[in-house]
Amino acid sequence: QVHLVESGGGLVQPGGSLRLSCVASGNIVYISAMGWYRQAPGKQRVLVARTTSHGQTDVVDAVKGRFSISRDDSKNTVYLQMNSLEPDDTAVYYCHVMGLSGRDIPFSDYGQGTQVTVSS
């Protein structure tokens, strides 16, 4: 079983910054992709950014130039650096991790979510 623990959310003023972290633990053999999704009130969950084990990163246009994603494979951790935050960035942010667990069983899991609120 794989466990994902997110941290770093909170309340920030417009123009401010936050850094989200997500640590994956458990019976993990290999992590292929790590990413972040967000879900605003009354809206569907959507991709924000993702990174693969090959070093490829993708950031959606809505946050390009303001958000960046990185990962530390030695710690099974993925980060989302969010700068120049705007009220429209307010949402619950979910970590997402894909890979292989013990006995080569594939997994694709979301974390519990962390609230990010951008407001003056």
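Tyr110 is partly exposed, at a relative accessible area of 39%; buried means under 20% relative accessible area, exposed over 50%, and partly exposed in between, with a 1.4 Å probe and protein chains only. This is a predicted model, where local features need pLDDT of at least 70, side-chain atom pairs count only at pLDDT 80 or more, and totals for chains, interfaces and linings use all residues. Residues are numbered from 1 along each chain as its sequence is written, and side-chain values use heavy atoms, with hydrogens and water left out.

Now the rings. Rings of Phe, Tyr and Trp (its six-membered ring) pair if their centres lie within 6.5 Å; planes under 30 degrees apart are stacked, over 60 edge-to-face, the rest tilted. That rule gives a count of 1 aromatic pair. Its members are Tyr37 and Tyr110, edge-to-face, with 5.5 Å centre to centre and 75° between the planes. They are 73 residues apart, Tyr37 in strand β4 (residues 28-39) and Tyr110 in strand β10 (residues 105-110). Strands are DSSP runs of E, at least two residues, numbered from the N terminus. Tyr37 has 19% relative accessibility, so it counts as buried.

Next, charges over rings: NZ of Lys or CZ of Arg within 6 Å of the ring centre and within 35 degrees of the ring normal. Arg19 has its charged end over the ring of Tyr79, 4.0 Å from the centre. Arg45 lies over the face of Tyr94, 3.6 Å from the ring centre.

Last, the backbone. Asn76 is not a glycine, yet has a positive phi of about 50°; Asn76 is in the loop between β7 (67-72) and β8 (77-82).

Key
Helices (H or I, at least four residues) and strands (E, at least two) are DSSP runs, numbered from the N terminus.
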